[in-house]
Amino acid sequence: MSIQASAPDAATTAVIEAEDAHVAHNYHPLPVVISRGEGAWVTDIEGKRYLDLLSAYSALNFGHGHPALLATAREQLDRLTLTSRAYHNDMLGPFAAALAELAGKDLVLPMNTGAEAVETAIKVARAWGYRVKGIPADAAQIVVANGNFHGRTTTIVGFSDDPTARSGFGPFAPGFVSVPYGDAAAIEAALTPETAAVLVEPIQGEAGVIIPPEGYLRAIREICTRHGVLFIADEIQSGLCRVGTTFACDREDVVPDMYVLGKALGGGIVPLSAVVADRDVLGVIRPGEHGSTFGGNPLAAAIGLRVVEMLSSGEFQQRGTALGEHLAAKLGDLVGHGVTSVRIAGLWAGIDIDPAVGTGREIAERLLARGVLAKDTHGQTLRIAPPLVVRATELDWAVEQLRVVLAA
Ligand SMILES: *Cc1c(COP(=O)(O)O)cnc(C)c1O
C-alpha cells in the first residue's frame with residue numbers, strides 16, 4: 001500500500017477551477033477530485049487511490065458501494081422510486097417497522113436530511129409541550145448545549161454558538177436556551193415549566209468528537225423524566241454503529257424519548273433521515289401538520305430497510321467496537337508526538353494537532369498527499385470516522401501516514 005499522491009495535476013486543477021466558477025463557495029474542499037469509490041477506498045480522476053477516513057461525515061458507515069445496498073437500490077430503482085405520501089407505497093411500512101424495532105420505539109417519521117429531522121423533532125416537541133404537557137401557546141422552550149451542531153436551517157443555526165454558522169443569518173427563532181455541554185446540573189437549572197425538551201448530541205461530532213463525562217446521558221434521562229421534559233438525542237452522526245453500539249446513548253444504557261437519525265440511514269446512496277419515538281410523543285402530529293415531498297419515498301425506504309437489516313445482524317456493532325479499540329491504541333501512541341490529545345469512541349476520533357507541527361487543515365493536506373483523506377474541524381482538530389468496513393491493517397497504514405506527516 002505505498003500509494004503516494006503528488007501535487008494535483010493539470011486535469012485536477014482544471015476540474016476544481018471549473019467547479020469554483022459555478023458552485024457557491026459554501027465549502028472549502030481538499031484539492032482532490034474523486035470519481036470512484038469502493039469500500040473504504042476512493043479513486044481520483046488521475047487514478048490515485050485514497051483511504052477515506054471521513055466517510056462523508058459518517059453517512060458512509062458501510063463504505064462506498066456496499067454490494068447489498070447497491071443491489072437493493074438497483075432493484076428498487078427499476079420498480080418504483082417516488083409516490084409522494086399522497087399515496088401509500090409498499091416499502092415505507094416495512095422500513096418503519098424495522099427501524100422502530102431497532103430503536104425499541106413505536107413510530108417513525110421519515111424525512112430526508114438531518115436538519116429536516118431535527119426541525120421535525122423541534123416541531124414534535126413543541127406540539128407535545130402544548131397538547132400533552134399544557135405549556136401556554138407559543139411559550140415552549142428547548143434546552144440545547146453549547147458547541148452543538150444540529151444542521152444549517154435558520155432555526156437551527158439560531159441556537160448554535162459558532163459565529164461562522166450564525167453570523168449574518170439572523171433574525172433567529174426564539175425558544176432555545178443553551179447551556180454548557182457535559183454539565184447535567186446546568187440543564188436542570190435551565191428548566192422552567194415551559195420547557196418541552198432537552199436536545200443534545202450524545203457525542204458532539206462537529207465540535208471535535210467531544211465525549212461528555214460518563215453519566216451525563218443517564219443524568220439527562222433522569223432529569224427529563226423527573227421534570228416531564230422530552231429527551232431528544234440527535235444521533236444523526238453518533239448513531240448507527242459509529243461508536244460501536246447501535247446508538248451512542250447505548251453507551252450509558254439510556255433510551256431517549258426521541259432519536260433523530262440521518263446520515264448512514266440512507267446507506268450513503270440517498271438522503272434519509274427520521275425521528276423515532278413512542279406513540280405518546282410522535283402521535284401528537286396530525287395529518288397535514290408536517291410533511292415532505294420526498295420523505296418516506298420507496299427508494300430511500302428500501303435502502304433504509306436494508307441498512308436496518310444490516311445493523312440488526314450485530315456485525316457492525318462488533319466491527320465498530322473491535323476496530324475502535326485497535327485504532328484507540330494506535331492513536332494513543334501519537335500523543336506527545338505532534339498530537340496533544342485524542343478523543344475516541346468506536347471508530348470516531350478527534351485528534352488535536354500540536355500547533356507547532358501545523359493546523360488541522362495543513363495536516364489533512366499532507367495526509368492527502370500520502371493517500372489518506374481526513375478533515376479538520378475548528379482549527380487544530382483532525383476528525384476521522386472511517387467506514388466500518390475498513391480493515392485493521394488499513395487503519396495501521398493510515399496511522400503510520402499520520403505519524404510520518406506529524407514528524408515532517
Ligand atoms: C450532519 C448532522 C446534522 C445535519 O444533517 P444534514 O443531513 O447535513 O442536514 C445534524 N445533526 C448532527 C449531529 C449532524 O452530525
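This is a predicted model: local features need pLDDT of at least 70, side-chain atom pairs count only at pLDDT 80 or more; totals for chains, interfaces and linings use all residues.
I began with the lining of the largest cavity, whose residues divide into 13 nonpolar, no polar and no charged (Ala, Val, Leu, Ile, Met, Phe, Trp, Tyr, Cys and Pro count as nonpolar, Asp, Glu, Lys and Arg as charged, the others, Gly among them, as polar). Numbering runs from 1 along each chain, and side-chain values rest on heavy atoms, without hydrogens and water.

I then looked up the cavity count, which is one of 30 Å³ or more. A cavity is a set of points on a 1 Å grid over the protein atoms alone where a 1.4 Å probe fits but cannot get out, and lining residues have an atom within 4 Å of a point. I noted a volume of about 60 Å³ for the largest cavity, a volume being the space filled by probe spheres set on points joined across faces, edges and corners. Of its 13 lining residues, Leu-53, Ile-351, Ile-384, Ala-398 and Leu-402 lie nearest the centre. I found that α12 (315–332), β15 (381–384) and α14 (392–407) each give two or more residues to this lining; α14 gives the most, with four. Helices (H or I, at least four residues) and strands (E, at least two) are DSSP runs numbered from the N terminus.

Next I examined α3 (residues 67–79) and α11 (residues 298–312), whose axes come within 9 Å and cross at roughly 155° (lines fitted to C-alpha atoms over the stretch in contact, with angles from 0 to 180 degrees between N-to-C directions). I therefore recorded α3 as roughly antiparallel to α11 (over 145 degrees).

Terms used: On a 1 Å grid over the protein atoms alone, a cavity is a set of points where a 1.4 Å probe fits but cannot get out, and a pocket is an open set with protein on both sides within 12 Å along at least five of seven lines; lining residues have an atom within 4 Å of a point. Angles under 35 degrees count as roughly parallel, over 145 as roughly antiparallel, 65 to 115 as roughly perpendicular and the rest as oblique.
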